[in-house]
Amino acid sequence: MAADALEIDRIAAMACVTPERLGSVNAPAGGGGIDAAHCLRCGRTLSRDDAGAHKKFINRGASLFFCVPCLSGFLGIPEEKLREKIEYFRMSGCTLFL
Ligand SMILES: [Zn+2]
């Protein structure tokens, strides 16, 4: 439990994944256009939390995003843990989740 939280904090602190690494998991389903309103990986319509979490955990300057379930798979962190951290950041006043 504590170890998970520390690991997520470490990742959030690094908050940097290169475009090359993102590209390696970018497999657009259905050949539709990728845009900021849809998940980079699965094409699901994104919520503010999804985009905020991507910025927080992967790249603050990102303009294309993963949904939380894809982010969970990409980071190897359970989705519930990511949701907990999103709530934590929101409670802390993080503007990415307001
Ligand atoms: Zn997705």
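Modeller: A residue is called buried if 20 or more other C-beta atoms lie within 10 Å of its own. In this predicted model, buried residues make up 23% of the 98 residues in the protein chain, which has five helices and zero strands.

Biologist: What makes helix α3 roughly parallel to helix α4?

Modeller: Helix α3 (residues 48-57) and helix α4 (residues 68-75) pack at an angle of about 25 degrees, with their axes 9 Å apart. Angles under 35 degrees count as roughly parallel, and that is why α3 is described as roughly parallel to α4. The contact between them is made by D49, D50, A53, H54 and F57 of α3, together with V68, L71 and L75 of α4; by class, this contact has five nonpolar, one polar and two charged residues.

Biologist: Which residues of α5 are buried, and why are they said to lie on the same side of α5?

Modeller: The buried residues in α5 are L82, K85 and I86. They cover an arc of only 105 degrees around the axis, and therefore they are placed on the same side of α5. In general, an α-helix has 3.6 residues a turn, so residues three or four places apart point the same way. On the other side of α5, E80, E87 and M91 are exposed, a term that requires 12 or fewer such neighbouring C-beta atoms.

Biologist: What span does α5 reach, and how does that compare with the expected value?

Modeller: Helix α5 (residues 79-91), with 13 residues, reaches 18 Å from its first C-alpha to its last, close to the 18 Å expected at 1.5 Å a residue.

Key:
Residues are numbered from 1 along each chain as its sequence is written. This is a predicted model: local features need pLDDT of at least 70, side-chain atom pairs count only at pLDDT 80 or more; totals for chains, interfaces and linings use all residues. Helices (H or I, at least four residues) and strands (E, at least two) are DSSP runs, numbered from the N terminus. The expected span of a helix is 1.5 Å times one less than its number of residues. The arc is that of the directions from the helix axis to the C-beta atoms. Axes are lines fitted to C-alpha atoms, for helices over the stretch in contact, and angles run from 0 to 180 degrees between N-to-C directions. Angles under 35 degrees count as roughly parallel, over 145 as roughly antiparallel, 65 to 115 as roughly perpendicular and the rest as oblique. Two residues are in contact if their C-beta atoms, placed from the backbone, lie within 7 Å. Ala, Val, Leu, Ile, Met, Phe, Trp, Tyr, Cys and Pro count as nonpolar, Asp, Glu, Lys and Arg as charged, and the others, Gly among them, as polar.
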